[in-house]
Amino acid sequence: MEFTCKSFQNRSYKIYLERDVLEQLDSILQSHQLTGSIFVVSDQTVFRIHGKKLLKHLKNYTVYPIIVPPGEPSKSLKNWNKIQDTLSDKGADRRSVVIAFGGGVIGDLAGFAASTYMRGLAFIQIPTTLLSQSDSSIGAKVAVNHTKAKNLIGSFYQPRFVLTDPSLLTTLPKREFAAGLGEAIKYGVIADLELFETLYENMEMITARNHGLLTRLLTRCIAIKIKVVEEDERETGLRKILNFGHTIGHALEQATNFSRLRHGEAVAWGMLAAGWLAVERRMWDTGEFEKLKSILFRAGCLFPMGKLNPKKVFDALKHDKKKTGDTLNFILPERTGKVTIVSDIKKEEVAKALRFIFQLKPPKLRSAK
Ligand SMILES: NC(=O)c1ccc[n+]([C@@H]2O[C@H](COP(=O)([O-])OP(=O)(O)OC[C@H]3O[C@@H](n4cnc5c(N)ncnc54)[C@H](O)[C@@H]3O)[C@@H](O)[C@H]2O)c1
Ligand SMILES: [Zn+2]
């Protein structure tokens with residue numbers, strides 16, 4: 001299946017979604033007239049498991065792998081620097097291509113590095129996690145983290161194309177798969193009642209990675225993400241709805257030093273808090289909120305937060321880029337499949353929502369790995 005994400009200034013790009021589409025990499029590169037040296041940015045885990053397979057399809061090119069440790073701390077200026085160093089040491093030129101081969105961390109890091117070297121090298125996304133296939137590889141946002149806040153240093157940079165091969169997900173650890181579901185569930189709440197119902201009815205088959213359901217899920221998430229970013233790539237309005245669950249989610253990630261919770265898990269907790277706020281404000285139906293809670297529990301994406309100091313979470317909220325004045329912006333559901341921006345959420349309301357999620361006890365659904 002092929003999707004096109006329209007972008008301004010001739011920067012539209014295709015998303016190729018198909019099982020084993022990785023095998024077509026060489027011919028797709030050629031069809032895009034990309035023939036220069038290739039810099040593959042990946043993390044140690046992904047490259048250990050899938051690196052050989054990737055390189056097999058790149059044997060007609062000069063390839064330089066740039067490998068970083070797995071995990072959120074790798075989305076750093078230090079690694080951005082490492083990539084720039086390798087690009088210049090190996091003589092990258094305007095014909096060179098940067099391939100991100102990994103999850104959202106690698107996509108964001110490699111994309112930002114590609115966007116800055118010689119004012120922009122050709123960039124390709126080959127996402128390998130559920131989160132990156134359903135969400136982060138589309139939409140052109142690339143960034144690294146700063147100690148003060150997530151994604152603080154970044155740009156908008158479109159890939160030449162995205163190669164989405166669901167067969168890469170078979171090796172994804174259970175916890176990472178569940179975290180990816182967190183972000184995918186978001187699409188149901190913000191834009192697609194039918195997807196929400198599918199998740200509610202079939203969560204057990206989805207967590208068992210049923211191929212048909214997984215493809216359906218990816219298709220819907222990709223289509224929604226394209227629709228939203230086509231309308232508002234630079235996030236001046238509509239794109240903000242993609243931040244459902246992210247105000248508190250980002251604060252939880254930061255308050256736990258980006259190490260305890262995966263991004264999708266933090267977003268899952270953030271969606272629960274936002275959903276609770278919407279019910280408190282009588283904006284959203286309690287029954288629908290209970291359904292969301294059930295979906296998130298059964299998906300296994302509510303990983304225990306551990307002991308958390310609410311003050312630390314509040315301090316982290318202060319750095320949230322979406323804050324205006326003394327109140328906070330939240331994306332809240334009006335009904336399932338439709339959210340709206342609410343900009344007068346008070347600190348006390350947030351404190352209550354935090355208390356609500358802090359006292360929830362997720363069932364032990366799986367081991368930590
Ligand atoms: N740019 C955007 O629009 C956007 C949107 C959402 C999230 N994000 C960012 O994405 C990041 C999270 O991405 P993520 O959840 O993909 O995390 P990740 O990139 O850290 O990958 C998660 C883990 O899974 C491992 N892994 C990846 N693919 C694998 C595979 N096929 N088999 C086995 N192991 C595999 C990795 O080594 C890593 O340990 C966050 O930094 C978040 O801010 C960006
Ligand atoms: Zn996110």
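In which sense do strand S3 and strand S5 pair, and over how many bridges? Strand S3 (residues 38-43) and strand S5 (residues 97-102) pair in the parallel sense over 5 bridges, where pairing requires that DSSP finds at least two bridges between two strands. The model is predicted, with local features needing pLDDT of at least 70 and side-chain atom pairs counting only at pLDDT 80 or more, while totals for chains, interfaces and linings use all residues. Residues are numbered from 1 along each chain as written, ligands are numbered from 1 in the order written, and side-chain values use heavy atoms, without hydrogens and water.

**View 1. The open sheet and its strand order.** Seven strands follow the order S1-S2-S9-S6-S5-S3-S4 with mixed pairing, strands being DSSP E runs of at least two residues and helices H or I runs of at least four. The edge strands, S1 (2-5) and S4 (63-68), each pair on one side only.

View 2. Helix H2 (residues 44-56) lies across S3, S4, S5 and strand S6 (122-127), contact meaning heavy atoms within 4.5 Å. H2 runs at about 145° to S3, with axes fitted to C-alpha atoms, for helices over the stretch in contact, and angles from 0 to 180 degrees between N-to-C directions.

**View 3. Polar contacts of ligand 1.** An oxygen atom of ligand 1 is 2.8 Å from a polar backbone atom of Gly104, and a nitrogen atom of the ligand is 2.9 Å from a polar backbone atom of Lys141, a polar contact being a pair of N or O atoms within 3.5 Å.

Terms used: Polar contact = N/O pair within 3.5 Å; in protein donor to acceptor, adjacent residues only side chain to side chain.
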